[in-house]
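Good morning. I have one structure to go through today, and I will take it piece by piece. Please have the sequence and the model open.

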Amino acid sequence: HENRCVAKLTGHVSAVTAVAFDAAAKLVVTCSRDQVLSFWHMETYANMLNLPVAEELEGVQVLGGGFKAALSDDLEGYAGCVAGVGAAGRVRMWAYKLVPREDAGGASNKKKKKKKARTSDGVPMKVKARCIATQGD
């Protein structure tokens, strides 16, 4: 096998401390000491969400669908959950889902176009996330 870089995920401004994958949702989740949790599309490598978390993150883990179902019926429509561990010992969990981009209306933009994540039928997508649990000081 040839060792070569297939993508460069740029956006964090400090050391990336962990990477997790959600193959079902086609997402890569990264965390960093820049206090940001980032979601990336696995096929286009487009950044789908940068979520400020107000703490340097040391680890991240995507939790399986069964875990989501055990948490709450209020998470209907969410693709999954991710847990992040902060440098101060705080553990937070976020539920996330893929939603259509509001800015997909086709407005002309002369700036260099960034790759956007799309569904198989071409609909531009982004990630929405909400904190569902926090543990620790």
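Buried here means under 20% relative accessible area, exposed means over 50%, and partly exposed is in between, with a 1.4 Å probe and protein chains only. The accessible areas themselves come from the Shrake-Rupley method with a 1.4 Å probe, and for residues only the protein chains shown count as cover. Val28 sits in strand β2.

Before I go on, a word on what we are looking at. This is a predicted model, in which local features need pLDDT of at least 70, side-chain atom pairs count only at pLDDT 80 or more, and totals for chains, interfaces and linings use all residues. Residues are numbered from 1 along each chain as its sequence is written, and side-chain values use heavy atoms, with hydrogens and water left out.

Now the overall layout. The protein chain has one helix and eight strands. Helices (H or I, at least four residues) and strands (E, at least two) are DSSP runs, numbered from the N terminus. Read from the N terminus, the order of elements is β-β-β-β-β-α-β-β-β. The chain has 137 residues, and 36% of them count as buried.

Next, the sheet. Four strands make an open sheet, ordered β1-β2-β3-β4, with antiparallel pairing. Two strands pair if DSSP finds at least two bridges between them.

Strand β3 covers residues 36-41. Six of its six residues are buried, so β3 is largely enclosed by the rest of the structure. Val36, Ser38 and Trp40 point one way from the strand, while Leu37, Phe39 and His41 point the other way.

What does β3 pair with? On one pairing, five bridges join β2 to β3, and the two run antiparallel. There, Cys31 stands opposite Leu37. Strand β3 also pairs with β4 in the antiparallel sense, over five bridges. In that pairing Phe39 stands opposite Leu49, and Trp40 stands opposite Asn47.

Stay with Ser38 in β3 for a moment. Ser38 is buried, at a relative accessible area of 1%. Its side chain makes a polar contact with the side chain of His12, at 3.4 Å. A polar contact is a pair of N or O atoms within 3.5 Å; within protein, one must be able to donate a hydrogen and the other to accept it, and residues adjacent in sequence count only if both atoms are side-chain atoms.

Over in β1 we have Asp22. Asp22 counts as buried, at 9% relative accessibility. Its side chain reaches the backbone nitrogen of Ala24 at 3.1 Å.

Now the two hairpins. Most residues other than glycine have a negative phi. Which residue takes a positive phi in the hairpin of β2 and β3? That is Gln35, with a phi near 70° and three residues between the strands. Gln35 is partly exposed, with a relative accessible area of 34%. The hairpin of β3 and β4 has five residues between the strands, and in it Tyr45 takes a positive phi near 65°. Tyr45 is partly exposed too, with a relative accessible area of 33%.

Tyr45 leads to the last item, the surface. Val6, Leu9 and Tyr45 form a nonpolar patch there, with about 250 Å² of accessible area together. Patches are made of residues with over 30% relative accessible area and no salt bridge; like charges are joined within 9 Å, and nonpolar side chains (Val, Leu, Ile, Met, Phe, Trp, Tyr) within 5 Å. A salt bridge is a side-chain nitrogen of Lys or Arg within 4 Å of a carboxyl oxygen of Asp or Glu. Val6 is in the segment before β1, and at 56% relative accessibility Val6 counts as exposed.
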